[in-house]
Amino acid sequence: MEPPASPLLSASQLATLAENGEERTAKVGDVLYRVGDQSYPLIAILEGEVAILDAADNEIVRHGESRFLGEMNLLTGQTVFLTAIVTKPLRYIAVERDALRPLLFDDGLLSDLLLSTFMARREALQRVEGIGLEIVGPHSSEPTMRMVDFARANRLPFTWKQSPPSGQAELPLVRLPGGTEMHAPSAGEVMRALGIGRELAAREEVDLLVVGGGPAGLGAAVYGASEGLETLLVESTALGGQAGSSRRIENYLGFPAGISGAELTGRAVTQARKFNARPATPYRAVSLEPGNGRHLVRLEEGHEIAARSVILATGAQYRRLPVEGLAEYEGISVFYAAGPPEAQLCGASRVAVVGGGNSAGQAAVWLARGGALATLLHRRANLRETMSAYLIQELERYGVAVRDSSEIGALHGEDGILEAVTLKSGERLPFSFVFLFLGALPCTEWLGDAVARDENGFVLTGAAAGADYLLETSVPGVFAAGDVRSGSTKRCAAAVGEGSMAVQLVHARLAGQRTR
Ligand SMILES: Cc1cc2nc3c(=O)[nH]c(=O)nc-3n(C[C@H](O)[C@H](O)[C@H](O)COP(=O)(O)OP(=O)(O)OC[C@H]3O[C@@H](n4cnc5c(N)ncnc54)[C@H](O)[C@@H]3O)c2cc1C
C-alpha cells in the first residue's frame, strides 16, 4: 500500500501547535493510542519516530521529526481504528481535539495542511484491508447490503466478509474497531457506537430545519447558523450528498485545479459546525406536517422536529438500470459511484461506464487512470449532445472507448460476479464491472401531498407553486433548494447558492410573521 501522505510541519506551525497543546515525551514501545480508543490528540513529532499499525499489528507507515499523526476521525470524533507505537524515543506536542478545532479556523495555512492530509489519509486507509469496521453477511442479505452502502457513502474504512457469520440469524454482524460486535444494527446505532453523529432528543424545536446534507443543505446550514438562526440539519445517509461522491469537481468557483467532492463537502461540514449549525446523521425525514407557526417533520426512528421554517434540500438519487437481476450485482460488480476502492478493484479489468453526462465522463476517466480498460456506453448518437467538450477530450487522452447508441439489455454472470452484458442491439460484450450514471430521481416521496410537486416529482417553488417568495414551496415557511427543486440547475454551485438564498427568504418570511 502507498503510505498515507505525510507532509512536514514548519517551525512556526510547530510553535503554534505548542501554544495550543502540551509537550510530552514517550519511550520506545509506548502506545500513544490504540484501535478502539474513544479519542486521541493530534500528535506533532519534535524528535523521534512512531509506527502506525492496523488492527492485526501490521505496520502501515512510520512518522518522524516534524511530521504529525492524525486522520479524519480527529474531526468526526470517530473511534480510533489504528494503533500508534513509539519506535524511537519521542518528544512530541499533543493537541487535544477541542483545542484543535478553533485552530483550524484561525490559521488558514495550517488548517489547509492538516485537513488535506487527513482526507488523503482517509482515502488511502479506505484501500487497506482489515481497517475500520468489519461487516459480515452475504450479498443476498438486504440489511447487509444497506450497511455496506452506508459505510461506502460515509467513507468509513471497512472490510466486507460475504460468508454468513456462524450461528447468527440476524444480519449483518458488524464488528467495530476494538472488537465490539453488533448484530443487525441500524446505521444510526453504528454511527453512534463509532462516536460519530449527534443524538437528537425525541422532540426538538428550532428556528430552521434543513432536510438533506448535500451542497444545498450545507449551504443553508452555514448561512442559517451564521445569521443567528438556531439551525438543525438532518441527513439520512452521508453529509455531502451527491457532490460528496464526485471524484473531482472542476467547475466550482475558486478552485482552478478542481477539488474532490469529499474535500469540498468535508470543508463545508466543518464550516457548518464552526457556526454552530447542528448536523445530525443518519436521520431520515419521513413526513412533513405543515403547521401554523411551526411545521412538524417526523424522522424514521420516531423523533419529531418542530421548526419555524424548513428548507427541503433532499436532492436526487441515481436512476437504476431496468434489467433483470440487477440487485444481485449491485455492490459487487455494479456501482453508482467511482471512488478509490472501486478504482483499485477494477484495475486491469474491462469496465463499462453507462451514461452520457459529465458524471459518467469523470468516472470513466478516473477508472481508466486507475488502470481499467474502460468503455463508455451511451444511448444518443453523439456524445457532444450531453457531455462537456473538455471531458470528451479527456476520454480520448486516457484511452476510453466510446460506443454511441448503446444500451444494456441484460447482465450475465453468477453470484453477483459479472462476466458480460448484452446490448439491446444483441451484441454481447465482456465486462467485469458496470458503473451506472443515468441521471437522478428526486428524493421527495416522503413528502406525499404536503407540498406541490411537478410531474416528475420535483418540488415546485415561487410563482409555479403560488408562493410569495422565489424558493418558497406551496406551504408558506417551507422552502426548497438545490436538485430537489423543479427547474433547478443540477450543479454544486447552484445548489450552494440556492441554499444561501433560501435562508434570506426564511428571514423575510419570519419577519413577515412577526409584523402580522
Ligand atoms: C458522481 C457525480 C459527479 C458530479 N460532478 C459535478 C461537478 O463536477 N460539478 C457540479 O457542479 N456538479 C456535479 N454533480 C452534481 C452535484 O453534485 C449536484 O448538483 C449537487 O450535489 C446537488 O446538491 P443538493 O444538495 O441539492 O442535493 P444532493 O447532493 O443530492 O444532497 C441531498 C441529500 O439529502 C439527503 N436526503 C435525501 N432524502 C432524505 C430524507 N428523507 N431525509 C434526510 N436526508 C435526505 C441525501 O442523502 C443527500 O445527502 C455531480 C453529481 C454526481 C452524482
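Where does Pro282 sit in this chain? Pro282 is in the loop between strand E13 (278-280) and strand E14 (285-289). The model is predicted. The peptide bond that leads from Thr281 into Pro282 is cis, with omega near -5 degrees.

**Backbone geometry**

- Most residues other than glycine have a negative phi, and most peptide bonds are trans.
- Leu171 and Pro172 are also joined by a cis peptide bond, with omega about -10 degrees.
- Pro172 belongs to the loop between strand E8 (158-161) and strand E9 (173-175).
- Asn276 is not a glycine, yet its phi is positive, near 75 degrees.
- The loop that holds Asn276 runs between helix H9 (261-274) and E13.
- Asn276 is exposed, at a relative accessible area of 64%.
- Ala348 is another residue other than glycine with a positive phi, here about 60 degrees.
- Ala348 lies in the loop between helix H11 (340-346) and strand E19 (350-354).
- Ala348 is exposed, with 66% relative accessible area.

- Helix H13 spans residues 389-397, and its residues Leu391, Ile392 and Leu395 are buried.
- These three cover an arc of only 105 degrees around the axis, so they lie on the same side of H13.
- An α-helix has 3.6 residues a turn, so residues three or four places apart point the same way.
- Gln393, Glu396 and Arg397 are exposed on the other side of H13.
- The packing partners of the buried H13 residues are helix H12 (358-369) and strand E21 (401-403).

**A three-stranded sheet**

- Three strands form an open sheet in the order E22-E23-E24, and their pairing is antiparallel.
- Strand E23 (residues 417-423) runs antiparallel to E24, and two bridges join them.
- Val421 has Leu429 of E24 as its bridge partner.

**Nonpolar cores**

- In soluble globular proteins, nonpolar side chains tend to be buried together.
- The largest nonpolar core has 43 residues.
- Which members of this core touch the most other members? They are Leu17, Leu32, Tyr33, Leu42, Leu69 and Phe118.
- Leaving out residues up to four places away in sequence, Phe118 touches Leu42, Phe68, Gly70, Glu71, Met72, Leu74 and Leu75.
- Another core, of 26 residues, lies apart from the largest one; Ala221, Ala268, Ala495 and Leu510 are among its members.

**Salt bridges**

- Side chains of opposite charge can pair when their charged atoms come close.
- The model has 32 salt bridges.
- Arg267 and Asp112 form a salt bridge through their side chains, at 3.4 Å from N to O.
- Arg267 is in helix H9 and Asp112 in helix H4 (residues 108-126), so this pair ties together parts 155 residues apart in sequence.
- Arg267 is partly exposed, at 25% relative accessibility.
- Asp112 is partly exposed too, with a relative accessible area of 37%.
- Arg403 and Glu427 also meet in a salt bridge, at 3.0 Å from N to O.
- Arg403 belongs to strand E21 and Glu427 to the loop between E23 and E24, so the pair links distant parts of the chain, 24 residues apart.- Arg403 is partly exposed at 27% relative accessible area, and Glu427 is partly exposed at 35% relative accessibility.
- Glu472 and Arg509 form a salt bridge whose closest N and O atoms are 2.8 Å apart.
- Glu472 is in the loop between strand E26 (440-442) and strand E27 (478-480), while Arg509 is in helix H14 (residues 492-515); the pair links distant parts of the chain, 37 residues apart.
- Are Glu472 and Arg509 buried or exposed? Glu472 is buried, at 1% relative accessibility, and Arg509 is buried, with a relative accessible area of 5%.
- A network of salt bridges links Arg203, Glu205, Glu289, Arg294, Arg298 and Glu304.

Note on methods: Residues numbered from 1 in each chain as written. Predicted model: local features only at pLDDT ≥ 70, side-chain atom pairs only at ≥ 80, totals over all residues. Heavy atoms only, no water. Pairing = 2+ DSSP bridges. Helix = DSSP H or I, 4+ residues; strand = E, 2+ residues; numbered from the N terminus. Core = buried A, V, L, I, M, F, W, Y, C linked by side-chain atoms within 4.5 Å. Buried < 20%, exposed > 50% of the residue type's maximum accessible area, 1.4 Å probe, protein only. Contact = heavy atoms within 4.5 Å. Arc of directions from axis to C-beta. Salt bridge = Lys/Arg side-chain N within 4 Å of Asp/Glu carboxyl O.
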